[in-house]
Amino acid sequence: MDAARILPVVGFVLILLPVLWTHSGGFGTAGEAVYLFGLWGLLIVAAALLSAPLRGALRRDAQGNAPDARPETRTRPVDGTGVGTGGGAERDGP
Amino acid sequence: MTLNILIPAALGYVVFLFLIASLAERRAEVLRAAGRAPRFLRSPVIYTLSLSVYCTAWTFYGAVGYAARSGLEYVTIYLGPTLVFVGWWWLLRKLVRIGKAQRVTSIADLISSRYGKSNAVGVIVTLLALVATTPYIALQLQSIALSFGAFAADQPLAPKQLALWVAAGLALFTILFGTRNLDANEQHHGVVTAIAFEAVVKLVALIAVGAWVVWGLADGPADIMARISEVELPEWEIQMGRWMGLTFLAGVAVVTLPRMFQVLVVENADETHLAIASWAFPLYLLAISLFVLPIAAAGLTFLPEGMNPDLFVLSLPHSLGQPGLAMLAFLGGLSAATSMVIIAAIALATMMSNHIVVPLWLASRRRAAGRGAIPSRDASDMRGLVLNARRLSIGVILGLGYLYFAVSGGSRALAAIGLISFAGMAQVLPALVGALYWRGASRIGAALGTSVGTLAWLYTLFLPSFGPDVILSAALMNEGPFGLSWLRPHALFGVEGLDPLLHALFWSLLMNVAAFLAGSLVSFPSPVERVQSAQFVNVYDLAASDESTVARGWSHDAAENEAEDLLAMSQRILGADVALAFFAAAARGQGKGGFLPDPTPDFLNRLERELAGSVGAATAHAMIAQIVGGRLVTVADLMAVASETAQIMEHSAQLEAKSEELARTARQLSEANEMLQRLSVQKDSFLSQISHELRTPMTSIRAFSEILMDDEVTQDETLRYARIIHDESIRLTRLLDDLLDLSVLENGQVNLDIEDANLHELIDRALMASNSVQPQRDFVIRRQVADEDIALRTDIGRLTQVFINILSNARKYCDSAQPELRIVVRKRAAQVAVDFIDNGSGIPKQSQVLIFEKFARLTDTHKAGGAGLGLAICREIMLNLGGDIAYVPGQGGTAFRVTFPLVLKPRAARAAR
């Protein structure tokens, strides 16, 4: 989770790098583009790698707290299963 | 290629979109009817694709123009959102969680809900969003007009007229699909699916053009890199300030833009989708911006000078002999523009109706009720009003967009227009961040900060964007108002030489934050605000403990009789079916039967949230407060908020959960006990009633037969007495028949005579038969004949008997001067529900449970003229028919609902149930 928090900060710093290069002569727009898109790709890969464990954490939380109705089943007609209505829908768990 | 091909292609594309949207909608409805979630329609893929509504015509056309003018700067617009999504664990996760927990309908709703459900704050944000979105919509109209122009360079074409048609068409589409129904969750399956499809179209189109440029026009990536270096201009050099500022601005915009908030938070079906979108959406952004620079370089190389770089995507394939590709690019651009306009208009229309139109309407109704012009318990359905308000708002929004386009001349760079919108919506940021992370942020601070920031933005960026002498005079722009040079729009307080956008962003956000902080520090938050701030800032901690221990808006039970008023009000917003289902479920949750739960604080909170999903938090809160009064928050509640020791909370949560469970069990037990006692009393009174009922006719029969035995009776008298005896014995027989009938029904030994019939004819027959009761009264019957056409297979005779009984009762007891009876038929799966609703004064709550008992009569026996067995028999019949009969409260009169299966199953199957 901490890695997920740090990632955007690292990304922001690295995105600023081309600005500094420009001041020292730089690699030209084409070079900067290659760098930026490469960095972008790395950020995406990192986020994808992190997303699986984070999704697990989200789901565990959700199960721990609200075992009842998901929002989709909320407006079902009166048939007994709707008892969870409202009671659980707004509380998907942390 | 000419307009003759282009216009049909565009129209055909829109019709196709329409089909996709309506198919998705229908599919969702079918699944919902079957009680299943529309899995595919609500999948992470669709969610991610719908987020791409961020990429509008600005991306599709404008980014290339932007790159041709300023080099790599365009990527900041996509890098900002990438950072925000990659860092979703920080902000987006919390935003979506709160959005779901509070049933938020829009960004204005979120902010107003957090700041004490204050509608004033909601109005400020709504107006800001409306103004800030206007240039953005103008941008889309301009791009569509330009793209038509690029194809038809030789044909005379009035861009303004074209834009007007486009605006009207888009308004129509949005109205047709965005405002068809009022979903309790404010989710639009059809539209979102269509948007997801458009996301694919625009991506494919841009990549196709890009691939053709790189591998068709140029000789692969290396060659295109060389060409980029060749055409590089001095202006392409990255500027520190703009680079950082734009990255920041784009990151803010991806959250605060009304349409982004709509797809990101409101339409989100599952929080875990965010985890996938956290990398998939940046990937989409990467893919869509990958070929922008190559296309720009190719445009600068291969096209003659003086072409509008915003149209390179289109003019490259068009002028270099690739009509098919040009058509694809045209449709891609159309996709990008339409998807933005549709979602933005829906999001804004929701805000306008929830924060402006409905509150105004409610206030006017309250005034009218105060004058006595309308009844204070008003049963009219509000959903029509809300929908119409939204339709009107959509028209207004697109009209404003068109107006901006027409006034600003429609010739500026697309990206520059879009950035004005970004900077405008960024004014929500301080209030939003404060809402999520700072308990001390207050309503005054939020209102002040947002208004000050908005004014600064209007003055330094929005109004000057029309150009000198359109709204702000050239003199004012050059020398400042009244010659005060330190107030010049582009050089506020003497800050000169800064890029106008950065200048505006800097000053507006600085003033915004300063006013927000100052306002929050000076003012003291109201109790509701403090409760809400805990629910927002500590959303994770609170969710971990039991909800019932944490702060809530309603801390006292409302009076018993207010439940019916609440039901009546909810029906106006949610619709009768949903509201009744919600109330019945809540009543069951409390261990009660029927439709009316105890109005406990817990129930009030849930109801408010349910309503907030439709009309926004502020309105929902105000409407409930109107009924239960201003009993809001107690000191104890505030203490609960203040003490944040997790242990105590958890402990008390468990205790409360247990005590609630005990209370529920106790209530069930006492209800059962009461029932038993009532039954015992009933049995006694049944015996005495029956003896009494039997005795009265017997007595008169005996008395008159004794007289007859006397010799001194005339012929006339004999006849008269014999008739009385005859009548009384008929009454006696009827009573015994009824009793016999009842006992047969109660034992389930009745033989049902199952046949086929049509419900419409059945009701006709019942109406005809019941006309003989009090024929002098003229009843107005309201029916929906179309709904009644339902084929039934059940015991028709018995069912008619029930209908006749209810109708006769209505004729007897409805106390209105102009009696009126509504018959509403609904078919739900294999069940039919028939409601009989009159406009009388209804049945008081304490009698509602009694009316189905034997010999229960609310009025005097002789007036009623029956033994009081009618409804008891009706209920037994309905149970035998596998259905039920119930009294439905809150309908503005006496209302009975008869439910039964379409096809009556054989007895064995019923017994097994």
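Analyst: Start at B:Y136. B:R259 lies over the face of this ring, 4.4 Å from the ring centre. A charge sits over a ring if NZ of Lys or CZ of Arg is within 6 Å of the ring centre and within 35 degrees of the ring normal. This is a predicted model: local features need pLDDT of at least 70, side-chain atom pairs count only at pLDDT 80 or more, and totals for chains, interfaces and linings use all residues; side-chain values use heavy atoms, with hydrogens and water left out. Residues are numbered from 1 along each chain as its sequence is written, while chains are lettered from A and ligands numbered from 1 in the order in which they are written.

The charged end of B:R93 sits over the ring of B:W89, 3.8 Å from its centre.

Now back to B:Y136. Rings of Phe, Tyr and Trp (its six-membered ring) pair if their centres lie within 6.5 Å; planes under 30 degrees apart count as stacked, over 60 as edge-to-face and the rest as tilted.

Leaving aside residues up to four places away in sequence, B:F422 is in contact with B:Y54, B:W58, B:I77, B:Y136, B:L249, B:A250, B:A253 and B:L257. Contact means heavy atoms within 4.5 Å.

B:F422 also stands out in the largest nonpolar core. That core has 199 residues, and B:Y54, B:Y74, B:W243, B:I295 and B:F422 touch the most other members. Helix α16 (residues 323–371) of chain B gives the most to this core, with 20 residues. A second, separate core of 48 residues includes B:L821, B:I823, B:V825 and B:F900. A nonpolar core is a set of buried Ala, Val, Leu, Ile, Met, Phe, Trp, Tyr and Cys residues joined through side-chain atoms within 4.5 Å. Buried means under 20% relative accessible area, exposed over 50%, partly exposed in between (1.4 Å probe, protein chains only). Helices (H or I, at least four residues) and strands (E, at least two) are DSSP runs, numbered from the N terminus.

Next, the ring pairs. Over all chains the count comes to 27 aromatic pairs. B:F16 lies in helix α1 (residues 3–33) of chain B and B:F197 in helix α9 (residues 189–217) of chain B, so the pair ties together parts 181 residues apart in sequence. B:F16 is partly exposed at 39% relative accessibility. B:F197 is partly exposed too, at 27%.

B:Y887 and B:F896 make another edge-to-face pair, 5.6 Å centre to centre and 80 degrees between the planes. Here both residues are buried.

B:Y887 stands opposite B:F896 in β9(B). Strand β8 (residues 884–887) of chain B and β9(B) run antiparallel, joined by four bridges. Two strands pair if DSSP finds at least two bridges between them. Strand β9 (residues 895–901) of chain B has six of its seven residues buried, so it is largely enclosed by the rest of the structure. In a regular strand the side chains alternate between the two faces of the sheet.

β9(B) has another partner. It pairs with β7(B) in the antiparallel sense over seven bridges. There B:I837 has B:A895 as its bridge partner.

Strand β7 (residues 831–838) of chain B pairs antiparallel with β6(B) over eight bridges. B:I823 is bridged to B:F836 in β7(B). B:I823 is also among the members of the second core.

β6(B) and β7(B) form a hairpin with two residues between them, and B:A829 in the turn has a positive phi of about 50 degrees. Most residues other than glycine have a negative phi.

One more strand joins in. Strand β4 (residues 780–783) of chain B runs parallel to strand β6 (residues 820–828) of chain B, with four bridges between them. B:V780 stands opposite B:E820 in β6(B).
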